[in-house]
Amino acid sequence: MEDKTITPTLNSSNVSASPESDQEVLKIWGHQPLKGHVKISGAKNSALVVMAGAILCPEDCRLRNVPSLVDVRRMGQILSAVGVKIEANGDVLDINASELIDAQAPYELVSQLRASFFIIGPLLARLGFAKVPLPGGCAIGARPVELHVRGLQALGAEVHIEHGTVHAYVKGPNKRLKGAKIYLDYPSVGATETLMMAATLAEGETIIENAAQEPEVADLANFCRAMGAQIQGAGTNTIVISGVPKLHSVDYSIIPDRIEAGTFLLAGAITHSEISLSPVIPDHLTAVIAKLRTIGAKIVTESPDILRIIPGKIHTATDIETLPYPGFPTDMQAPFMALLTLSEGDSIINETVFENRLRHVAELNRMGADIRVKGNVAVVRGVAQLSGAPVVATDLRASAALVLAGLAADGVTTISSLQHLDRGYEQLEVKLQKLGAKLQRVTEGGEAANVEANAEAPVEPVRSGLK
C-alpha cells in the first residue's frame, strides 16, 4: 500500500463520512454460531490522544497499530489544520509537527470529535498559545472542559472562552508553562491527559492528584517517555511530571483496544460460541472478565496476549456499577446490558459516569428485552429470547450493544445510524463475518454496501510484543 497523506476525504467503507453511514443500515441474521479467532485493533482512545501528543515533538513520530476509524481520520484532519504533516500507510502513521501554524482547528471537525480538545495542552506547551473550539462527540453526557481549563490556569496559562472557542496563552518572554500541583475534582481521563501533555514541556515539576488511572493514560505517558519526557506514576492516582525543554523522535505502538476486546468476549457469550482473540492485555479487562465469570462464562488465558471465552450453558444475572478505571468501564455498560437481557434473573445496572448513557434501553426493549429505567439505573429482567427488529444506534457503545443483541436474536435485526459504530470499531462486521456471523451492510434501498473494501486486516492468531 502506498503512503498517502491524510486528507479531509473519508473514502473507505469502514471510515465513511457521516452522511454515507446515515444512508446505510446493518442487517443481522441472528442465531448463527461463531467460531475462530479475531485480531483486536489498536485502542481508539489511545490512538487519538497519542496523535495529539505528537504535537509535543518537533521531530518525526511514527505510530504503529493505529486503527482505521472515522475518529482517527478526523483527528488527522484537525492536526493537519494546525500545520502537522501526517502520512498513513496501513496501520502506521508518520507524524511531523515541526512546523506548527497559528491556526484554529476547524469547528466543523472539532464539533464531531470530543478528543479534538486534547490538542490544547500540547499546542500551549509548544507554542505558548492555542485556540480550540469547544468540542463535540457522542451525546452521552455533559463532559465539561472545566477541569482542563482550571488545570491549564494552574500551570500559568491565561484562558478565556469567547464565541465558543477556548483561547489560551502563556505570558512571559519564554512562553513556557510552569509546573504546579493540581488536584482534579473528578478523575477525568481527558483532563489528566491534557494536563500531563501540557506539563511535559513546562518549567519545573507538576503533580496531578486524583488522576485518571485508565490504561490509555499510561499509554500516553509511555509514548511521551519514549520521546524523552520525565513522567512517573501514570496508571496510579498521582502523576509526577518533571518538565523538559524538548522531546525527540519516536517509533511507538498503540496498545490493543480493551473495549473492542471486551465486545468480542461478549459476542462469544451472547451467541454461546467459543472464540479466541488477540492481541490483548488481560489486566486491562479485569473488571469485564470478572463479570463474565460471575454470570457463568469461562475466560481462559491461552498465552500472555491471547484470551478464549468458553460460554456457560446458562448465564445468570449480575449487578453492574460503572466506575472510573479500574472499576467496570462505562464503555462496556451497553454491550454487557445486551448480554444480561438473555441472562436468567434480574440484573441492576447503575451508570455513574455519564448521565445520558441509557438511551439504548428503548431499542433493546423493541427487540423484546425487559428493561426498566429510573434515572441512571436500569433493571434488566432476563427473557428467554430476543426478536429481530429495526433499531437505531444512539451512540458508539449503544451501537455495539445492538449488534450483540442482533447476533443472538431470532430473525433479522436492522440497525441504522451506523456513523456511531464507525467511530470506534474497525471492520466490526468483517471481523464478525469471518467468525461465522451472518450480517451485511446495505444501503437503505437494499443494495449491498462494499463491506469488503477495507477487509485486508487478518483475523488469524497474532502474537503481540506489547506489554
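Tutor: Let us begin with the term itself: a residue is called buried when its relative accessible area is under 20%, exposed when that area is over 50%, and partly exposed in between. Please keep in mind throughout that this is a predicted model. With that cut-off, helix 15 (residues 428–435) is mostly covered, since six of its eight residues are buried.

Student: Which residues of helix 15 are buried?

Tutor: The buried residues of helix 15 are L428, E429, V430, K431, L432 and L435. Just after the helix, G436 takes a positive phi of about 110 degrees.

Student: How many residues of helix 2 are buried?

Tutor: Helix 2 (residues 44–53) is likewise mostly covered, with nine of its 10 residues buried, and the buried set consists of K44, S46, A47, L48, V49, V50, M51, A52 and G53. For the protein chain as a whole, 58% of the 467 residues count as buried, and the chain contains 15 helices and 24 strands.

Student: How should I read the packing of two helices?

Tutor: Two packed helices are described by the angle between their axes and the distance between the axes. Here, the axes of helix 9 (residues 258–270) and helix 11 (residues 333–340) come within 10 Å and cross at roughly 5 degrees. Angles under 35 degrees count as roughly parallel, and helix 9 and helix 11 are therefore roughly parallel to each other.

Student: How do I read a pair of aromatic rings?

Tutor: A pair of aromatic rings is described by the distance of the centres and the angle of the planes. A search of the whole structure finds two aromatic pairs. In one of them, F223 and Y252 are edge-to-face, at 5.6 Å centre to centre with 65 degrees between the planes. This pair links distant parts of the chain, with F223 in helix 8 (residues 215–226) and Y252 in strand 14 (residues 250–253), 29 residues apart. Both F223 and Y252 are buried. F328 and F336 also form an edge-to-face pair, at 5.7 Å centre to centre with 85 degrees between the planes.

Student: Are F328 and F336 buried or exposed?

Tutor: F328 has a relative accessible area of 5% and is therefore buried; F336, with a relative accessible area of 0%, is buried as well.

Student: Which residues have the most contacts inside the largest nonpolar core?

Tutor: The largest nonpolar core has 84 residues, and those with the most contacts inside it are L63, V84, I95, I119, M196, F223 and I239. A second, separate core of 67 residues includes F264, I275, I299 and I371. Taking I239 as an example and leaving aside its neighbours within four places in sequence, its contacts include T192, M196, I208, V217 and I231.

Student: Are H163 and Q427 buried or exposed?

Tutor: At 76% relative accessibility, H163 counts as exposed, whereas Q427, at 4% relative accessibility, counts as buried.

Student: Which peptide bonds are cis?

Tutor: The bond from S278 to P279 is cis, with omega near -10 degrees, and P279 is found in the loop between strand 15 (275–278) and helix 10 (286–295). A cis peptide bond also joins Y325 and P326, with omega of about 15 degrees, and P326 lies in the loop between strand 18 (320–321) and helix 11.

How values were computed
Residues numbered from 1 in each chain as written. Predicted model: local features only at pLDDT ≥ 70, side-chain atom pairs only at ≥ 80, totals over all residues. Heavy atoms only, no water. Axes fitted to C-alpha atoms, helices over the stretch in contact; angles between N-to-C directions. Helix = DSSP H or I, 4+ residues; strand = E, 2+ residues; numbered from the N terminus. Parallel < 35°, antiparallel > 145°, perpendicular 65-115°, else oblique. Core = buried A, V, L, I, M, F, W, Y, C linked by side-chain atoms within 4.5 Å. Buried < 20%, exposed > 50% of the residue type's maximum accessible area, 1.4 Å probe, protein only. Contact = heavy atoms within 4.5 Å. Phe/Tyr/Trp six-rings, centres within 6.5 Å; stacked < 30°, edge-to-face > 60°.
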